[in-house]
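Here are my notes for when you open this one up. Have it on screen and follow along point by point.

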Amino acid sequence: MSDHTTAEHTGRIANLLAAHPWVARAHPAPDGGVRVVPHPDAVTAVPEPGPLMREHLEQWAEVYEWTYETAEGRHANDLDLSGWRASDTGAPLPEAHMRDWVDRTVDLVLAQRPRRLLELGCGTGLLAHRLHPHLDGYVGTDVAQVAVDRLTIAGLPRTAFVRAAAHETAAPRVRDAMDTAFGPGARPDCVLFNSVTQCFPDLAYLTTVLHGALSAVEDGGTVIVGDIRHSGLLLDHFGRLERARDPEADGTTIAARAAAAAEADEELSFTPAAVAAAVAAQSRPVRMSVHARTMTEDTELTRYRYDIVLRVGPHPDGPGTRHVRRTPWDGHGGSDVPEALRDALANGPVIVHGIPNALLHDAPGAVTPHALREALQGADAAVLLDAADPRALAVAAPADCAPAAAEDLPAPSGPVAHEPFPLFVRRRLPEVLRDHLRRAGQDTVPPAITVVDVIEDGHA
């Protein structure tokens with residue numbers, strides 16, 4: 001085939017691809033392939049996920065439907081750990097550690113004193129089984145029908161379960177479930193989604209879910225986003241994995257491999273600043289606190305994840321709220337931790353910040369999140385992530401002095417998130433378009449199709 005004929009063929013292919021509803025533009029590339037830009041409607045998150053975003057969500061739904069159906073990690077009706085595996089070995093995470101993980105999450109939720117709780121992505125019911133006895137009503141949603149069916153059959157008092165995605169808080173079937181568990185027209189005073197954000201496509205979808213949760217919860221209530229993967233610690237996480245696989249490799253090699261693995265990661269991770277930006281435009285005031293995971297064991301669930309509590313509505317103390325003193329941890333490293341904390345937390349309200357996290361780096365005065373929790377036993381205090389550094393911790397006393405206006409959080413020094421959705425689109429859209437060409441009678445081998453932009457909400 002001559003160069004002229006090849007160019008004509010590629011041009012016809014580009015025109016065919018441009019006519020596909022998921023394509024905004026298509027044009028021949030200098031290398032003989034075709035470059036396409038996805039149509040915004042195909043990749044949008046609002047008001048409903050577009051077709052490519054739906055495919056991403058359905059892919060995760062299929063994964064969990066299969067995982068819960070096989071039930072390889074099911075220890076008991078209230079302890080189904082299917083799918084909980086370590087990233088480095090692929091082995092199931094230890095049962096004792098997972099019980100600790102559950103207990104810490106339950107403690108965080110119950111500290112908000114909820115009465116009517118809506119959990120988005122309830123999974124196998126690890127939290128539902130433990131929370132419902134403390135509540136007037138509980139509703140759980142999940143994308144896996146097998147999980148919904150098992151929890152419904154369990155017959156937990158004052159509960160209702162329904163198949164729905166995280167963005168469907170306003171769906172009639174979810175409202176019906178809330179009417180059943182809460183009473184007609186009653187709203188939740190707590191919306192919880194724990195260890196599900198890693199399956200979200202991008203920040204646009206996270207924002208959609210957050211807005212739905214904030215719209216659903218009543219004034220004075222809370223939205224809890226739990227077990228979040230911190231994008232600021234992603235390179236550290238993959239660096240550890242690569243070092244475990246190849247202990248003899250030099251530092252430059254490990255860093256390059258970790259960077260490549262982080263770039264190809266298929267799960268969402270983000271900083272607290274991403275949540276602050278998502279909720280900043282809400283009509284009701286929202287205050288935000290960022291909590292460390294304080295489990296005993298040193299695993300990825302303790303090192304690289306955190307929780308956010310959003311308190312919705314005006315501050316209960318009114319506009320003239322008390323001043324919260326901030327003091328650095330510097331100089332407290334010479335004492336034992338309980339004594340150092342007693343000194344540092346005297347004359348509160350106070351937030352002690354800049355406490356090096358001993359799980360992430362070795363520094364004078366470094367402390368593990370668990371050691372801080374143990375030292376604070378019985379105290380009205382909270383273990384936080386340092387707002388300025390994800391490798392550091394903070395302690396607030398009393399605990400309710402921690403929430404601040406979302407817009408007051410410092411901006412991160414690096415990207416606010418790692419989003420897997422553009423990677424998914426670059427892989428999936430060419431597959432769809434090649435099938436489109438075959439259906440259009442283009443039996444010859446099509447030129448390479450490259451997605452050059454994912455333009456929804458500024459993706460590139």
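1. Start with strand β7, residues 159-163: 4 of its 5 residues are buried, so the rest of the structure largely encloses this strand. Buried here means under 20% relative accessible area, with a 1.4 Å probe and protein chains only. Strands are DSSP runs of E with at least two residues, helices are runs of H or I with at least four, and both are numbered from the N terminus.

2. Keep in mind that this is a predicted model, where local features need pLDDT of at least 70, side-chain atom pairs count only at pLDDT 80 or more, and totals for chains, interfaces and linings use all residues. Residues are numbered from 1 along each chain as its sequence is written, and side-chain values use heavy atoms, without hydrogens or water.

3. Who sits beside β7? Strand β6 (residues 137-142) pairs with β7 in the parallel sense, over 5 bridges; pairing takes at least two DSSP bridges between two strands. Look for Gly 140, whose bridge partner in β7 is Phe 161.

4. Now hop over to an open sheet of 3 strands, ordered β1-β2-β19, with mixed pairing. Its edge strands, β1 (23-28) and β19 (449-451), each pair on one side only.

5. Zoom in on β1 and strand β2 (residues 34-38): these run antiparallel and are joined by 5 bridges. Which residue stands opposite Arg 35 of β2? That's His 27.

Technical notes
Buried means under 20% relative accessible area, exposed over 50%, partly exposed in between (1.4 Å probe, protein chains only).
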